[in-house]
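Hello,

Here is the structure I promised to pass on. My notes follow below it.

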Amino acid sequence: MLTVQDLHAGYGASEVLHGVDLEVGQGQLVALIGANGAGKTTTLRAVSGLVRPSRGKVLLEGREVQGLEASRVARLGLAHAPEGRRIFPTLSVEDNLLLGAYGRLPILLGYKGRAVASLQRVYDLFPRLGERRRQDGGTLSGGEQQMLAIGRALMADPKIMLLDEPSMGLAPVIIQEVFATIRRLKASGITLLLVEQFAKSALEVADHAYVMERGRVVAQGSPEELKKQERVIEAYLG
Amino acid sequence: MPSVVVAQMVVSGALMGLVYALIAYGFQLTFASSRSINFGQGELVMVSAFVSLTLTLHGVPYWAMIPCGMLFGALMGLVIERTGVRLALEQKSEGWILMTIILGLFFFSGAENLWGRDDRPFPTPIPSDPIHILGVDVTPLELSVGVGVLAIMGLIETFKRRTLLGKALEAVSTDRDAAELMGISARKSIMLSYALSGAVAALAGILVSPITTVGPTMASALILKAFSVAVVAGLDSGFGVVLVGMFLGATESLASFYLGSGWREAPGLILLILALAVRPTGIFGKAVIRKV
């Protein structure tokens, strides 16, 4: 589904990624773990087109997408729920969700009618979003905003979803809820690439994981394999 | 009796002030999507007015000329975005300030060469015989300015609130990257906002020209006041520019009546200086101060 080959990227003159390779298969949940500043978020940003890679390839269903504008990549079926959630605070919950489906809805009028089924699916998954559909996105709690960010990504009916630090800044109870949601998404067959600081929780849900350090992948394997590797244990699972 | 005169001045001035509001609204449109504005907007108003005048003189009926003039303004808006703004924004520089000023100068000399330096009358089928409303004389021509400005602003605001494209514009203005991730092209949104801004500028020119005449120098008089309105009202409140525009128009006409027509420009400048002194950190003020 998604293949990343020898990806180099950075901001200005400083290179952050020094050749990242990874692969996400259809229906898989792949986790990307590593310390702060390892390049996990930059990897996702380079994949979705927010950062232009200086070298390397990103293949979405075999098609090269590196260097395309992020909006083009999104329309090809990649939904990226970014770090910090980045919902639109001045728009209502429902408008946030509708914009998630922007690429496949009529842009002038009649868009609501066409989105009823997708909206209902998201509201079934996150009933609280349904209750607050008319509220501004900015009035939601952190956990609800994360639900909104995931729901918004789901609205696109994506082939693959990138989820960046969904647990960031949330209370432990809410984090459990987020991971329960990720499990449900996985069960529904969605292909997911998950970036997480909480390596333990990430490895519990993942099919396969990559460990990043200083802009490179330093270890990979199934969660069982990784849990046996000493340096992974030391560094991230303690 | 004086109170009638005052009311008369206030009403005429406020209607005129709506033109400043409309030009300021054009600034808001592009500022929302791209944090940039066209400093040559006044010249765009003027050139569009000249093109509309030429159409009229070639026999195009008034009501058909309006959409044609607005289309021309929209096209020029796109030209300005492409030639003066896009590259600067991609390089995160503020070069667009100088570029749009230069494009404005091009428009100015182009107009002087094509149409001459003289002010010319702008024919209109809308009568200018005053009608009596609530003790005040208003000409249908003045009323047409008010109706035109409020109609186009209402139309664009409705478009922004009701259509998915309009919500997408707002999304781009609040968080460009997040909007891109939704499949919304920031570049296209910026193009659309410049086209809308150009169309609005053209309409401002078409509405005001029958009252003020058309000439290459009409830009400078209009733009200064539109700037004042935009600075005072802020760059994100459509309602704000309407209020401030009408207020400025009214004070202006009172000043020129009581103090003499030489003082006509004073209220706009005083308002501008006051706004910058009291609210120097205004979004708009920041962009200018940083560059100058």
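Two strands count as paired if DSSP finds at least two bridges between them. Keep in mind that this is a predicted model.

On that basis, strand S9 (residues 208–213) and strand S10 (residues 216–221) of chain A run antiparallel, joined by five bridges. A:Ala209 stands opposite A:Gly221 in S10(A). The hairpin of S9(A) and S10(A) has two residues between the strands, and A:Arg214 takes a positive phi near 45° there.

Chain A also has an open sheet of four strands. The order is S2-S1-S4-S5, and the pairing is antiparallel. S2 (14–24) and S5 (63–64) of chain A stand at the edges with a single partner strand each, so one side of each has no neighbour in the sheet. S1 (residues 2–11) and S4 (residues 55–60) of chain A pair over five bridges. In that pair, A:Gln5 stands opposite A:Lys57. Helix H1 (residues 40–48) of chain A packs on this sheet and touches S1, S2 and S4 of chain A. The direction of H1 of chain A makes about 110° with that of S1(A).

The largest pocket holds about 1200 Å³ of space. It is lined by 40 residues, and those closest to its centre include B:Glu90, B:Lys92 and B:Arg176. The lining divides into 15 nonpolar, nine polar and 16 charged residues.

The second largest pocket has a volume of about 850 Å³.

Best wishes

How values were computed:
Residues are numbered from 1 along each chain as its sequence is written. Chains are lettered from A and ligands numbered from 1 in the order in which they are written. This is a predicted model: local features need pLDDT of at least 70, side-chain atom pairs count only at pLDDT 80 or more; totals for chains, interfaces and linings use all residues. Side-chain values use heavy atoms; hydrogens and water are left out. Contact means heavy atoms within 4.5 Å. Axes are lines fitted to C-alpha atoms, for helices over the stretch in contact, and angles run from 0 to 180 degrees between N-to-C directions. On a 1 Å grid over the protein atoms alone, a cavity is a set of points where a 1.4 Å probe fits but cannot get out, and a pocket is an open set with protein on both sides within 12 Å along at least five of seven lines; lining residues have an atom within 4 Å of a point. Grid points are joined across faces, edges and corners, and a volume is the space filled by probe spheres set on the points. Ala, Val, Leu, Ile, Met, Phe, Trp, Tyr, Cys and Pro count as nonpolar, Asp, Glu, Lys and Arg as charged, and the others, Gly among them, as polar.
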